[in-house]
Amino acid sequence: VAHDETRPFSVIAGDRVVTAHGTRFDVRVAPSAVRVLLAEGSVSVASVRPSTGAAAARLRPNDLLIADGAGVRVERVSD
């Protein structure tokens, strides 16, 4: 995704909004979870309903964010 601060690239995945910041990433949506794997660059992931009070997460390369019924967590994955 080409970086352009004036026109951010966002993907709505389930109840999450993934915003790219010049990057390569993968988004998977299943009935019970949203998974975002960052390969390069950075992305932020936030709730589509900011009123829930859930904090946005900013991912680094090799971070895997999982949002499911248990909450939101970020795990490191190997190359």
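D26 is partly exposed, with a relative accessible area of 31%, where buried means under 20% relative accessible area, exposed over 50% and partly exposed in between (1.4 Å probe, protein chains only). This is a predicted model, in which local features need pLDDT of at least 70 and side-chain atom pairs count only at pLDDT 80 or more, while totals for chains, interfaces and linings use all residues. Residues are numbered from 1 along each chain as its sequence is written, and side-chain values use heavy atoms, with hydrogens and water left out.

D26 pairs with R28 in a salt bridge (2.8 Å, N to O), that is, a side-chain nitrogen of Lys or Arg within 4 Å of a carboxyl oxygen of Asp or Glu. R28 itself is exposed, at 54% relative accessible area. Salt bridges with shared partners also join R60, D63 and R76 into one network. By this rule there are seven salt bridges.

Another of these pairs is R24 with E40, at 3.6 Å from N to O. Because R24 belongs to strand β3 (residues 24-30) and E40 to strand β4, the pair ties together parts that are 16 residues apart in sequence; strands (E, at least two residues) are DSSP runs, numbered from the N terminus. E40 is partly exposed, at 43%.

Twelve residues, among them V34, V36 and L38, make up the largest nonpolar core, a set of buried Ala, Val, Leu, Ile, Met, Phe, Trp, Tyr and Cys residues joined through side-chain atoms within 4.5 Å. Strand β4 gives the most to this core, with three residues.

Notes. Helices (H or I, at least four residues) and strands (E, at least two) are DSSP runs, numbered from the N terminus.
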